[in-house]
Amino acid sequence: MTDQELDIQHRDPRLYNDDLAPIKSERRTWGWFEIFNVWSNDIQSLFGYTLAASLFISYGLNGWAVMAAIVLAGFVVMVLVNLTGKPSVKYGIPFPVMIRASMGVHGANFPAMLRAIIGIFWYGVQTYFASTAVSLLLTSLFGDPGGQWLGMTALDWLSFVIVWCFQIALFWQGIERIKHFLNWAGPLVYVVMVALMIIVWLKAGSDLLPAVSTIFSGASDYEGNALTAFMAITGTMIAYFAAVVINFGDFTRFVKSEREMKLGNLLGLPLNVAFFSFIALIITAGTLALFGETLTNPSDIIDRVDSLPLTIVAAITFFAATVGINLVANFIPPAYDLANLFPRRISFRIGGLITAVIAFFVGALWMSVISKIGIAGFVNALGAVVAPFYGIIVVDYYLLKRQRLNIQDVFSTDPDGAYHYVKGWNRRALVAFALAALFSVSSVWVPALEALGGYAWLIGAALGGLFHYLLMRGQHQPVTAG
């Protein structure tokens, strides 16, 4: 669309502020490299490494088959985010504005707030985990002070506050500064992980290849067959990226073109995931050769290698990687979602500040309280619940509205507007969500459905799209503007 078409003529303060408004072409500065680094920071976290490494040893599957499942997951996620990212490239709008077209201009607040709650919770948890890298660095330099309060030492608390303040300061500088941080953090993590791989390889020497063969033999206690193992690995990797899949438009609205987005997704997902998983495989095999056991936690590996320079560099890198994924998956989305709730009073920055303040208490109480009371299961259930919204967004935009939105009506509360539906809510979309969400919640809480594992998210998304299409196909679709 032209910049003139993206200029909103009637700016309803209940739906519009400068942070939610369409971004015009001259202000879009992201290319494929920025999108690549969104995924690099999402993949290359402490948890991302541990997940990739554990998949090689947990399912009793030949290593080549594990690699194939991981790469397949990367391709599937690439297709998913190309679909959700394309509308925001065209119209320059974030996820909570995009979903107004399918849920209604007021109904969009429902999925946006669910996504915000999930993001705020995990933002607090990831802030704590990022602080453990800083604590590792400080402890290696100054020693362990001993004594604990709420499950953390004085150095742990200092590290937590440092990380919390650093993230706010970075966020407050705006999206361009965040972009520069991601562009720096992504490649740095690769450099350090490759260095760690080389160190482990050299130390293991001739014992490395037999260790790799042991992992590739597929010996484990997994009781399922090869097909179920393959599907479980693929589904687990897809579920890992689910938090970013729905709101990927929050990032693609800054991209210059759809071609740049697709190239960034290709390099950042299947190819990036394959290379990073290969690194995880070699390092894991090296730990088997060196220590007689497969270590999947990078911090444990660093501790066993026992090198102060490596500890310092690794701590800084793990900090950068975890902050990177936190900004991508857990900070920017709720900032937009909260701004969408009350655009007149909450800007993108204020939304981020609210996110950070609430998340501070989540992270501070993680060790002593929250991790012990099972609240993570509740939040995981919320994560499964939002899956149907993916299907609703995609089916509504591509099949029902044929990739055309009336960008003016997205910001309008006029009862005659294209997306006003009934008092601003699309009741049929809510019914579609509710029916699909029944399955999503059941997949988390009903033991009989536990076998569905990670691909429950995909099924929930497919059901959301199917129900939405069946309920909406007989309805008149409003004439759209472009």
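**A tour of cavities and salt bridges**

Three cavities of 30 Å³ or more sit in this predicted structure. A cavity is a set of points on a 1 Å grid over the protein atoms alone where a 1.4 Å probe fits but cannot get out. This is a predicted model: local features need pLDDT of at least 70, side-chain atom pairs count only at pLDDT 80 or more, and totals for chains, interfaces and linings use all residues. Residues are numbered from 1 along each chain as its sequence is written, and side-chain values use heavy atoms, without hydrogens and water.

**Stop 1: the largest cavity**

Select Ile43, Gly48, Leu51, Ala52, Met237, Tyr240, Val273, Phe276 and Ser277. They line the largest cavity, each with an atom within 4 Å of a point. The space inside is about 60 Å³. Now colour helices H2 (46-58), H10 (226-240) and H13 (258-291): each supplies at least two lining residues. Helices are DSSP runs (H or I, at least four residues), numbered from the N terminus.

**Stop 2: salt bridges**

The structure has six salt bridges. In each, a side-chain nitrogen of Lys or Arg lies within 4 Å of a carboxyl oxygen of Asp or Glu.

Pick Lys24 and Asp7, which pair at 3.9 Å, N to O. Both precede helix H1 (32-43), so the pair ties together parts 17 residues apart in sequence.

Next, select Glu176 and Lys179, a salt bridge at 3.0 Å, N to O. Lys179 is buried at 7% relative accessible area (buried is under 20%, exposed over 50%, partly exposed in between; 1.4 Å probe, protein chains only). Glu176 is partly exposed at 30%.

Conventions. On a 1 Å grid over the protein atoms alone, a cavity is a set of points where a 1.4 Å probe fits but cannot get out, and a pocket is an open set with protein on both sides within 12 Å along at least five of seven lines; lining residues have an atom within 4 Å of a point. Grid points are joined across faces, edges and corners, and a volume is the space filled by probe spheres set on the points.
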